[in-house]
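Here is a short briefing on one protein chain. Please read it alongside the model.

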Amino acid sequence: AAHVAFSKAAGKRIINGEELESPSKAMTLRRRHQARAATATDGPFVETKEILGGYYLIEAEHLDEVEALAALLPEVQADHSGVEIRPVVDHG
């Protein structure tokens, strides 16, 4: 319900977003040293203590706007969770 409320508040500023499957369904692909091919292993990075559960791609004029919207997400209110805000690299 909280994500529905967030989506309504953000409106057309949400460009994209998806819920992700659990880490048990994740795969990590790496190429080690001078190996010709990458090797796939089950799961995320071993060192990871937090998981990425999903994402929203939001277009906004100012970081303050994104911060205010993100504060509506239930993960911000939970003691065990949080929300990372990161800009997209513009290669244009």
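Leu-63 is exposed, because its relative accessible area is 56% and the cut-off for exposed is over 50%. Leu-63 sits in helix H2. The model is a predicted one.

**Helix H2**
- Helix H2 spans residues 63–70.
- Which residues of H2 are buried? They are Val-66, Leu-69 and Ala-70.
- Viewed down the axis of H2, these buried residues stay within an arc of 95°, so they line one face of the helix.
- The buried residues of H2 pack against H1, E4 and helix H3 (74–77).

**Aromatic pair**
- The model has one aromatic pair.
- Phe-6 belongs to helix H1 (residues 2–10) and Tyr-56 to strand E4 (residues 54–58), so the pair ties together parts 50 residues apart in sequence.
- Is Phe-6 buried or exposed? Phe-6 counts as buried, because its relative accessibility is 1% and the limit for buried is under 20%.
- Tyr-56 has 30% relative accessibility, so Tyr-56 counts as partly exposed.

**Largest pocket**
- The volume of the largest pocket is about 1,400 Å³.
- How many residues line the largest pocket? The lining has 35 residues.
- Nearest the centre of the largest pocket are Leu-52, Gly-54, Tyr-55, Val-83 and Glu-84.
- H1, strand E1 (14–19), E4 and H2 each give the lining at least two residues.
- E4 supplies the largest share of the lining, with five residues.
- By class, the lining of the largest pocket holds 18 nonpolar, nine charged and eight polar residues.

**Pro-74 in helix H3**
- Pro-74 is placed in helix H3.
- Pro-74 has a relative accessibility of 29%, so Pro-74 counts as partly exposed.
- With neighbours within four places in sequence left aside, Pro-74 is in contact with Ala-2 and His-3.
- Pro-74 and Tyr-56 are 18 residues apart in sequence, and their C-alpha atoms are 14 Å apart.

**Thr-41 in strand E3**
- Thr-41 is part of strand E3 (residues 39–42).
- Thr-41 is partly exposed, because its relative accessible area is 35% and this class lies between 20% and 50%.
- Which residues does Thr-41 contact, leaving aside its neighbours within four places in sequence? They are Met-27, Thr-28 and Arg-30.
- Thr-41 and Arg-30 are eleven residues apart along the chain, and 8.3 Å separates their C-alpha atoms.

**Ser-24 in a loop**
- Where is Ser-24 found? Ser-24 is in the loop between E1 and strand E2 (27–30).
- Ser-24 counts as exposed, at 64% relative accessibility.
- Ser-24 and Asp-42 lie 7.6 Å apart, C-alpha to C-alpha, and 18 residues apart in sequence.

Terms used. Residues are numbered from 1 along each chain as its sequence is written. This is a predicted model: local features need pLDDT of at least 70, side-chain atom pairs count only at pLDDT 80 or more; totals for chains, interfaces and linings use all residues. Side-chain values use heavy atoms; hydrogens and water are left out. Rings of Phe, Tyr and Trp (its six-membered ring) pair if their centres lie within 6.5 Å; planes under 30 degrees apart count as stacked, over 60 as edge-to-face and the rest as tilted. Helices (H or I, at least four residues) and strands (E, at least two) are DSSP runs, numbered from the N terminus. Buried means under 20% relative accessible area, exposed over 50%, partly exposed in between (1.4 Å probe, protein chains only). On a 1 Å grid over the protein atoms alone, a cavity is a set of points where a 1.4 Å probe fits but cannot get out, and a pocket is an open set with protein on both sides within 12 Å along at least five of seven lines; lining residues have an atom within 4 Å of a point. Grid points are joined across faces, edges and corners, and a volume is the space filled by probe spheres set on the points. Ala, Val, Leu, Ile, Met, Phe, Trp, Tyr, Cys and Pro count as nonpolar, Asp, Glu, Lys and Arg as charged, and the others, Gly among them, as polar. The arc is that of the directions from the helix axis to the C-beta atoms. Contact means heavy atoms within 4.5 Å.
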